[in-house]
Amino acid sequence: MASRDDIKFLSNPNIGGNEKKYCRFRKFGIRHIDYKDADFLEQFVNAQGKILPRRITGNSLKYQKKVAVAVKRARHLAMLPYVTDLLK
Amino acid sequence: MKNYEVTFIVDPVLSNDEIETTSKAYQTLVKDEGCSIVNVDRLGLKQLAYPINKRSSGVYYCIEFSGDTGAIIPKMELALRRDERIMRFLTVALDKYGVKYNEDKRAGKIGTVKKDKKEDKKEDKNSRGRNSRNSAKTPPPAAKKEEAAPVKKEEAAPVKKEVSAPAVVAASTPAPAAEVVTPETSVTPTPPAEAVAPVVAATAAVTTPPTAKSEEE
């Protein structure tokens, strides 16, 4: 049986500690997402203007859908771009 | 009572008067239909994220109103569509959370997202601004107020305020004196006046130099 000293890894296996991801809307009791607030919505959008997936942002399904609706409304009102490269 | 919000973008090449008359035209349209206007928000001239009708900026207006039926909505949208001065519009039906959000926003309870990476004295939308909506008190503004006038409080009513002063973190000289006072008052109840009076005199003496320093600064 190989001991712990014999096993070598290329990268440290302790990297990437388990930070508990939470939905910020459920945690802080935010019930409504304003589509007019482009600064707030930019947190959920990547540098190309695309909506970030739930596994990255940590949102629950209910609030991820609301965020998506808000981002799409903001895009309609030209507060957020549909497609870009220079958002962040 | 159904609550609605209509946001529209007015052509910026028009004169200021024409832009205001367009928004007023829609306000009168809302009133004529028997709906009550809750709020008219002029978000002003903003850069568009992409060009609309070959324009790169526009004047944003947001009208929040409430009515019994939804009969006004098709009429208003038809008028907005026909109006050549309006580039885009969006009507939204607000639920109760949306109505409450707008009220809180008008009351100033909702903070904004920090753009710079500076340590926060302003409210962050994700933490304090939203948290303060649900909790009764807002600790950061209270802390600011206490920082601004801790000395005045202590000079005015030293005995009472020194009990609450330990909550103030930033005020360095009054805080140790306050911490000295509270254990004494709690541990020795029999000679409270004697113990407190000389300490009060000491703190008064201590606090006067800080006032001089702060006034100089």
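Modeller: Two residues are taken to be in contact if their C-beta atoms, placed from the backbone, lie within 7 Å. Among contacts in chain A between residues at least 6 apart in sequence, 72% join residues at least 24 apart. This is a predicted model, in which local features need pLDDT of at least 70 and side-chain atom pairs count only at pLDDT 80 or more, while totals for chains, interfaces and linings use all residues. Residues are numbered from 1 along each chain as its sequence is written, and chains are lettered from A and ligands numbered from 1 in the order in which they are written.

Colleague: What does the secondary structure of chain A come to?

Modeller: Helices (H or I, at least four residues) and strands (E, at least two) are DSSP runs, numbered from the N terminus. Chain A has four helices and zero strands, in the order α-α-α-α from the N terminus on.

Colleague: How many residues does helix α4 of chain A have, and how far does it reach?

Modeller: The expected span of a helix is 1.5 Å times one less than its number of residues. Helix α4 of chain A (residues 61–76) has 16 residues and reaches 23 Å from its first C-alpha to its last, close to the expected 22 Å.

Colleague: Which residues of α4(A) are buried?

Modeller: A residue is buried if 20 or more other C-beta atoms lie within 10 Å of its own, exposed if 12 or fewer, and partly exposed in between, with C-beta atoms placed from the backbone. In α4(A), the buried residues are Y63(A), V67(A), A70(A), V71(A), A74(A) and R75(A). They lie on the same side of α4(A) because they cover an arc of only 140° around the axis, the arc being that of the directions from the helix axis to the C-beta atoms. An α-helix has 3.6 residues a turn, so residues three or four places apart point the same way. The buried residues pack against α1 (24–28) and α2 (38–41) of chain A, whereas L61(A), K62(A) and K65(A), on the other side of α4(A), are exposed. Over the whole of chain A, buried residues make up 24% of the 88 residues.

Colleague: What phi does A78(A) take?

Modeller: Most residues other than glycine have a negative phi. A78(A), in the segment after α4 of chain A, has a positive phi of about 60° although it is not a glycine.

Colleague: Is A78(A) buried or exposed, and is N53(B) buried or exposed?

Modeller: A78(A) is buried, with 24 other C-beta atoms within 10 Å. N53(B), with a positive phi near 50°, is exposed, with 11 such atoms within 10 Å. N53(B) lies in the loop between β2 (36–52) and β3 (55–67) of chain B.

Colleague: In what order do the strands of the chain B sheet stand?

Modeller: Two strands pair if DSSP finds at least two bridges between them. Four strands of chain B form an open sheet in the order β2-β3-β1-β4, with antiparallel pairing. Its edge strands are β2 and β4 (86–94), each pairing on one side only. The antiparallel strands β2(B) and β3(B) are joined by 11 bridges, and Q47(B) stands opposite S57(B) in β3(B).

Colleague: How many residues does each chain give to the contact?

Modeller: Chain A gives 18 residues and chain B gives 19 residues. On the side of chain A that touches chain B, the elements giving two or more residues are α1, α2 and α4 of chain A.
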